[in-house]
Each structure stands twice: as C-alpha cells, then as structure tokens.
Amino acid sequence: VTDGTNGFVIFDSNGGLNNTYAVGNILSGTAVSCKLQLFNGLVEITELDATDLTITAGGTISAANITMADLTGVNTGALVSYTNLTCTITSGKYYLSDGPTTLQVYNALYAFGALEDGKTYNITGIYQQYNTTKEILPRSADDIEEVVILVPSITLSTNTIEAPAEGEDGTITVTYENITEVNADVYFFDAEGAAATYDWIIADINDEN
C-alpha cells in the first residue's frame, strides 16, 4: 500500500485478506486493531481488520519520482520505474544496476523467468527493502523490457580496385547493419588519380544502379 511515495506491506499470516483488496483500491479510515512493525527493514502492518477501513475503487497508479540512490525502507510499496539498467547474476539471483545503485529483481509478485547477464533492461515494479537489500518486484511481463542497443556499422571490404584485379571479380562490397537510411556516392578515378567515367562499370547502391 502506498500514497505514491511512501508505504507499507499489509501482512496477513492467515491469508484472510487475500481477496479483500484489488490493485487501484483506495483505503481510508482508522485501523484500530493493527500493529505497525519493522520486519528485517520492511515496514509492515499486521493484524489488520478489513472492516476498519472503507475500500473504494478507481485509484490511479503511476510510478513515483524517486531516484534509485534515494530509495529507502520508507518507500516500501511505491511503484517505481527505471531504464537502461545492466543485469548481473549472482548465486542464481538477478540484479539490475545503474552503476552506483543496484536493485535485486524479486519474483514474489510475478515469476519473471531468466534475465541474461550483461544485458540492459528497463524495469517497473513495487519497491521494498529487505534489511539493506533494495528490491523491485515486477507485476507482469509488461514490467520488464530488454533494451536492444543497435550500433550502426559500415564495413568496406576494399576501397580500391586495380585493373586487372588478380583473384577478384572487380566487385567492391559494402556491408551495413542497423542503419535505417544509406546515402552514398561512388566515384571512379584513372591510374593517375584523375576523375574518370566508365560506362562499362555499374555501381549498385541499395540494389539500385
């Protein structure tokens, strides 16, 4: 449960509250029978009587504006979202880092499967802090997005053909990847370096002459 920035966990060992609340519910009222406690750094309310509260639907949910470095235990329950985090795997646990700060990706709300070491991800989820470990709990597959970083590259197999080209068919090959638009010009020069025109040579760029 969160007010947008800070929050707490409602803990019910008997499972009686499982069907009481839904995502987006607004809780209001005075809870007189519950206890507020810290459990290994988690802010928890226990022994809550649902009849103490009024439950209404229609709450809006948006990510809190909290930097990873500023996350603390009081932010438990807040929805947070971060981009371009690098994944590392240690002892079967997944961690995402922006460099200075690291979040453990925890599967208590959604079994997200395997992330890949060294890859980059965007992630959204519920924040909690267990002792000193900052944890983020994704809620569905939509909360985890792999970032595919495209690095444009151009490779010239050769930029000079001498006539005759021994062992070659005279073709100049240009290979390009992950480029949305290619603009190129082809120029021919004679043996002395002067510009020349050869009507028997065809240059294909983007499969066009």
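Buried means under 20% relative accessible area, exposed over 50%, and partly exposed in between, with a 1.4 Å probe and protein chains only. By that cut-off, 24% of the 209 residues of the protein are buried.

This is a predicted model, in which local features need pLDDT of at least 70, side-chain atom pairs count only at pLDDT 80 or more, and totals for chains, interfaces and linings use all residues. Residues are numbered from 1 along each chain as its sequence is written, and side-chain values use heavy atoms, with hydrogens and water left out.

**Whole chain.** Start with a cartoon view: there are 13 strands and zero helices (DSSP runs numbered from the N terminus; strands are E, at least two residues, and helices H or I, at least four). Of the contacts with a separation of 6 or more, 57% are between residues 24 or more positions apart (contact: heavy atoms within 4.5 Å).

**The β7-β8 hairpin.** Select residues 93-97 and 102-105, which are β7 and β8; the two strands pair in the antiparallel sense over four bridges (pairing requires at least two bridges found by DSSP). Four residues lie between the strands of this hairpin, and G99 in the turn has a positive phi of about 115°. Pick Y94 next; its bridge partner in β8 is V105.

**S97.** Go back to β7 and select S97. Is S97 buried or exposed? Its relative accessible area is 17%, so S97 counts as buried. The S97 side chain makes a polar contact with the side chain of T102 at 3.5 Å (a pair of N or O atoms within 3.5 Å; within protein, one able to donate a hydrogen and the other to accept it, and residues adjacent in sequence count only if both atoms are side-chain atoms). Beyond four places in sequence, S97 touches N84, L85, T86 and T102.

**The core.** Show L71, Y82, L96, L103, V105, L115 and I123, which touch the most other members of the 20-residue largest nonpolar core (buried Ala, Val, Leu, Ile, Met, Phe, Trp, Tyr and Cys joined through side-chain atoms within 4.5 Å). β6 (79-90), β7, β8 and β9 (120-130) each give two or more residues to this core, with the largest share, four residues, coming from β6. End on L71: outside four places in sequence, L71 is in contact with I66, V80, Y82, L103, Y127, Q129 and K134.
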